[in-house]
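I opened my notebook today to look up a few things in a new structure. Have a look at it with me before reading on.

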Amino acid sequence: MNIQEAFDRMDYGPAPESDGPAREWIARHGPKLRHFIDGGWQAPKSRKWFESVNPADGKTLCEIADGGQKDVDAAVAAARAAQGAWAKLSGHRRARHLYALARMVQRHSRLLAVLESIDNGKPIRETRDIDVPLVARHFYHHAGWAQLAASEFPGHGPLGVVGQIIPWNFPLLMLAWKVAPALAAGNTVVLKPAEFTSLTALAFAEFAHAAGLPAGVLNVVTGGGETGEAIVRHGDVDKIAFTGSTEIGRRIRALTAGSGKHLTLELGGKSPFIVFDDADLDGAVEGIVDAIWFNQGQVCCAGSRLLVQEGIAERLIARLRARMDTLRVGAPLDKSIDIGAIVAPVQLARIRKLVEIGRAEGAEMYQPEGAAPREGCFYPPTLFTNVHPASTIAREEIFGPVLVTMTFRTPDEAVALANNTAYGLAASVWSENVNLTLDVAPKLKCGVVWINSTNQFDAAAGFGGYRESGYGREGGREGMYEYLAPVWAHKLPPVAAPAIAPATGEASVSAVETIDRTAKLYVGGKQARPDSGYSRRVFAPDGRPVGEVGEGNRKDIRNAVEVARKAGGWSSATAHNRAQVLYYMAENLDARTNEFARRIMAQTGASLARARREVTAATTRLFTYAAWADKYDGAVHSAPVRDVTLAMNEPLGVIGIACPDEAPLLGFLSLAAPAIAMGNRVVAIPSPSAPLAATDFYQVLDTSDLPGGVLNIVTGDRNGLATVLAEHDDVEAVWYFGDAEGSAAVERASTGNLKRTWVNNGRARDWYNPEQAEGHEFLRQATQVKNIWVPYGE
Amino acid sequence: MAEATLVNLDRKHKRNPGTALHLDWLDDVRVNLSAVERRTATLLTRRTVKKEWQAAWHLKAISCIDLTTLSGDDTAGRVRRLCAKARNPVSPEILEAIGFSGRTLHCGAVCVYHEMVPVAVEALTGTGIPVAAVSTGFPAGLSPLATRLAEIEASVAAGAAEIDIVINRGHVLTRNWQALYDEVRAFRAACGPAHMKAILGTGDLQTLRNVARASLVAMMAGADFIKTSTGKEGVNATLPVALVMARMIRDYRERTGIEIGFKPAGGISTAKVVTGFQILMKEELGNRWLQPDLFRIGASSLLGDLERQLSHFATGRYAAAHRQPLA
C-alpha cells in the first residue's frame, strides 16, 4: 500500500499481533501436549491424542492428550495426596500462592492472550483487554479470601478434591473463576478444559507450578466428553463445578445424584436486553454490540433477545443496522477486529442451522454486506426482526453473533417477555429513568442485571443463574461458600430408621372419648381432603395407632404447588410484615406447648420433658427467623467501575421441603421457617413416622395471619411425594431430609428444570444444635443472590 | 467492512442555513455518561493504525489542523512564521522519503485573533489556506452583543474566511435556549460568506447533556462547524465530549440532511491523541468527517509531534524536536 493511496482511502489497514512467542511455546512442549498432573507433564496412559485446531485458518496447532480413566485416576490421586497439606497451610500462605498466580498471569499476559486467541478464535482485543485482566483480577481477589478465610468463614473447611469442567468460550477466564475460589478455600483441583481450547489451561498449570504452586494442587487433564464423565463419576471427587451447556449440566446432575458430591452448574442463557423509550439510544446500540457481538456471541450471558419499546423500535433498529455496518469481522490477531472466528465448524453449522430455521419461520434477517471472510470459521453479525416469543430463534440459545428483536408496549410487558424463557442468567435494562430501572430489575428472573450497561464482570460480584441457567455463584463471598462446608458436616451420623414402619389402610383409629379430628391436607390456607380418598395411620413406637393423616398423592402436590405459585404476594411483602407473622406463629405455638408436647410423646415415645423441650426449641426457632426476616441483608459491592453493584438476596419462589423424622416438629419448622422468612412459599411433606405435629400446626397457621398458600402441608409417602416435587417444573428448589435413597431420588428427579436441591444424603443433623440447625446456611439455601449493576454519573 | 469509500477531497462543505428553534429536539436528548465513557475507552482499543496507514492518517490530520496562535504576545513576525509552517507543514525530505512529495499538503487553516488577520491573509495569499479569526469576545463571549457583532464584521472585512464564535455559556447553564439561538443566529448573519464555527466551551458546560443540547441549538442557529473549546477553559477537547457532539451532528443530519463540521480544540498535542479523534470521527460519522471541510483540529504544538512521527516512519530513527523547523 503506498501512502498516497492510504491517504485517499483512510482505511485502517492490517495491524497484526505476532503469534511467534505463542507458537514457540507450543513447539517447546509439543508437537504433542501432555496432561499436567502432579507438578509435571504426563503422557496419556490412554495413548490417545486429538488435534487442536486454529479456527481462524483451520490449521492444526498441535496434538493434545485425550485423557482416559487412568489419567483421571492419576490426577485425582495427585490432588488427593496434595489436599491435606494444602488445606493445612495458613490462610496467609495460601494467599501468597494466589497472589503469586495473579502476578504470574500479568507476567505472561501477552502470551496467554495470544494463545487464547489462536486456540479459540476470539479477537486479541478481547483476550488482551478483557479475558486476561479479569483472570488476574480474579486471583488477586481470591488471594484476599484465602487471607481472610479463617475469620470470614469460621467453622468451615474445604470440600476436598474438586473436579472442574470448563467451556471453550472463555477458556482461561473460566479456569480462573473455578480454580481461584477452590484453591483459596483449601481444595485441590482436577480441571478439564474444553476439547477445543486446552492450550491456556496447560500453559497456566505450567506457569503456576513454576510460580511455586505445590505439585498436585492443580492438575489439568485434557480430553473430551468421556474424560469429563470420568471426572464426574470418580468416587474420590468431592465436588463437581461445571460451566457449559444446559444439556450436559442435566447429565452431570443425573450422574452425580446420590453420590454426595457437591455440585454447581453455570449453564446456558437467552438473556434479554431491554430498551425503554427514554434510553440513550446510541449508548444502547453500543451496549447491544457488547452484548451479542462480544466473543462472536458465544457467551452464556449474551444479550441475545433485544426487547424494544414499540415507539422507538424503528429508530433503534435503523441505528443498529448502521452500527453493524462498521463492525469488522476477520483475523482474530488483527488488533482492529471486532468479531473473530467461531470456535469450530460444528458450532458454525449450528449457528447456520438456527439462522435457517429463523428465516424459514418468517423472521426478517439483516447482515452487513461482505462482512465476513469467506475462508475460515467466520459468521457475520446478524439481526432478526419480525420475531415472536414462539419463534425457535427467540427460545433457543444460538451461541453465535445472532440477535433477535421483539417489541413491547409497557414495563409490565417488558418484564413478562424477559421472563418468558426457561433460562435466567442475565439481563440488561436501558432507561435514563432510575425509578423505572430499579423497579424492573428485581422483577427479572435472573442472577445478574446490568442497568445501562452489559457484560460487566468482577471477582467481587457473584455471577450465576436462576432457573435452567444453573445454580451456585462464582465470585464474591457467595462464590466462596460453594467451595466450603461446615467442618461438622463430615461427621454427621446416618439417620436412624423409625422404630415402626408406618402402614396405610382405610381403618380408622377413632377415639370414642374425643371427637374425631383426623387431619386432612393443608393447601391454600385451608384443609383439603386428599385426592386419593385414603388415609394413613400413624403409630406410636410400640405399634399402637395414635391417629390418621391424609394420604397425599401427585395431584395434591400439584394443587399445593399451584396455590403456592399464586401466593406471590408473600415474596413482595415487607420483611417487617413477614417477621410479624413468624412472631405470631411462635406466640400461638407457645400457648399450646403442652398439647404439642403430648402429640410428640405419643408419636415418638419421648418423655414429656424431652417433648416439651422440642416444642420450646421450635418456638425459639420461629423467633430466630422472625429475627432474621428483616436482617439478612444484601451487599453493595465495590466493582472497579463508577457504579453501585447491589447484591440482593431474593427468595427462590416455591420450595418443596421433605421434613426429617428426627425431631418431627422442630425439624419441620427449622426448615419451613427460614424458607418463609426469606419470602418463599413452601410445600412441606412432614415426617411420615410422626406427621401429627405438623398437621396440628394447621391451627397455629390459621390463627397467625399467614396468607393462604404460603405454607402448604401434604402428608403421605415422603420419598414418593418428594420425587413429584423434584420433578415439578414450577418448583424452584427441593430440600430433602429423609434417607439416602430419597436424597438420590430427589437429585435425580431435579434435572427437568434443574432446580436447586439441598439433601441430607441420609445423614442426621442435631436439630437442637443451633450450629447445625439454624442460621446462615439455611438463609443461603432459602435465597439466591441477584447482582444489579447500577452505573451512575452526570 | 463498509469503509474504503473514496472521498473527493475537493468536495466543499455546504453551508448550513439553520432551522427554526425546535425545543422538542432538545427534549429527545439522552446521554448516559457511563455508556459514553465505555464507548470512548474502547474506541481506541478496538481500532489502531500501523505503518503506512499510520503515516497516512498523520498526514491527513495535518491537513485538518487549524494551526493556531492565540496569545497576548502575538506579533506580525510570529504570525508570519506560523503561516509559513502551515504552507509547508512537513519538511520536503520527509515527504520525499515516504513517497508523498507529489501531493499538496498544507494545514486546514491558520487561526488568529482579529488583530493578526491582515498579516495572516497576506502571508497566505495564493495558497488556498483560509484564515480563521476567533471572535465575539473570545474566550468568555460576554462583551456587549453589538461589540461582538461588530467584531465579526470587522474580521470578515479584513479577509477572514472563517469565524470561530464563542457562545454565551450562561444561556446553556440557565437553559435559555431562545436567547442562545437568537445570539448565534445573529452571529451567523454577521458572518455573511465566512464559515462559522461555534465554540461551545464544553468545559464550562460541565454535563454531556448540556453539551448535546448546546450543539443542537448552535446547529439550528446556523453554525457550519461546532467546536469544543476555546483552549482557555479548565477542561478542553475530550473524547466523551467529542463523541456526544459527533452524535448530535449525526442527529442533525438525520433530521435536516445537512452535514455539520466538527472541530476539537485545546489539549490535542500528540499524534496518539489526534489519532483517537480521527478514529472517533470515522467510526461515528464515517470517512467524510476525516476531511478538512468537515473536520478541523484546533492545535499548535500537535504539528511538531506529527512531524516527528513521520520522520521516524521515514528514517526508522526516533526524531528530535530541534531538527524540525519551528512553527
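**Notebook: cores, a listed site and a contact**

I began with the largest nonpolar core, which has 175 residues, and found that Leu98(A), Phe139(A), Ile274(A), Ile288(A) and Val449(A) touch the most other members. By nonpolar core I mean a set of buried Ala, Val, Leu, Ile, Met, Phe, Trp, Tyr and Cys residues joined through C-beta atoms within 7 Å. Helix α7 (residues 171-184) of chain A gives this core its largest share, eleven residues. Domain 1 (23-267 + 478-484) and domain 2 (271-464) of chain A both contribute residues, so the core lies between them. These bounds come from an automatic or database domain assignment.

A note on my source: this is a predicted model, where local features need pLDDT of at least 70, side-chain atom pairs count only at pLDDT 80 or more, and totals for chains, interfaces and linings use all residues. Residues are numbered from 1 along each chain as its sequence is written, and chains are lettered from A and ligands numbered from 1 in the order in which they are written.

Next I asked which residues Phe139(A) touches, not counting residues up to four places away in sequence. I found Leu98(A), Leu101(A), Ala102(A), Val105(A), Ala176(A) and Ala180(A). Here, contact means that C-beta atoms, placed from the backbone, lie within 7 Å.

Then I looked up Glu266(A), which UniProt lists for "active site" in an unreviewed entry. Such annotations may be inferred rather than shown by experiment, and the positions follow the numbering used here, with feature names shortened. Is Glu266(A) buried or exposed? Glu266(A) counts as buried because it has 28 C-beta neighbours inside 10 Å; the cut-off for buried is 20 or more other C-beta atoms within 10 Å, while exposed means 12 or fewer and partly exposed is in between, again with C-beta atoms placed from the backbone. Glu266(A) sits in strand β11 (residues 262-266) of chain A. Helices (H or I, at least four residues) and strands (E, at least two) are DSSP runs, numbered from the N terminus. Leaving aside neighbours within four places in sequence, the contacts of Glu266(A) include Thr243(A), Cys300(A) and Glu474(A).

Last, I turned to where the chains meet: 36 residues of chain B and 39 residues of chain A take part in the contact. On the side of chain B that touches chain A, α2(B) supplies the largest share, eight residues. By class, that side of chain B has 16 nonpolar, seven polar and 13 charged residues. Nonpolar covers Ala, Val, Leu, Ile, Met, Phe, Trp, Tyr, Cys and Pro, charged covers Asp, Glu, Lys and Arg, and the others, Gly among them, are polar.

Key. Two residues are in contact if their C-beta atoms, placed from the backbone, lie within 7 Å.
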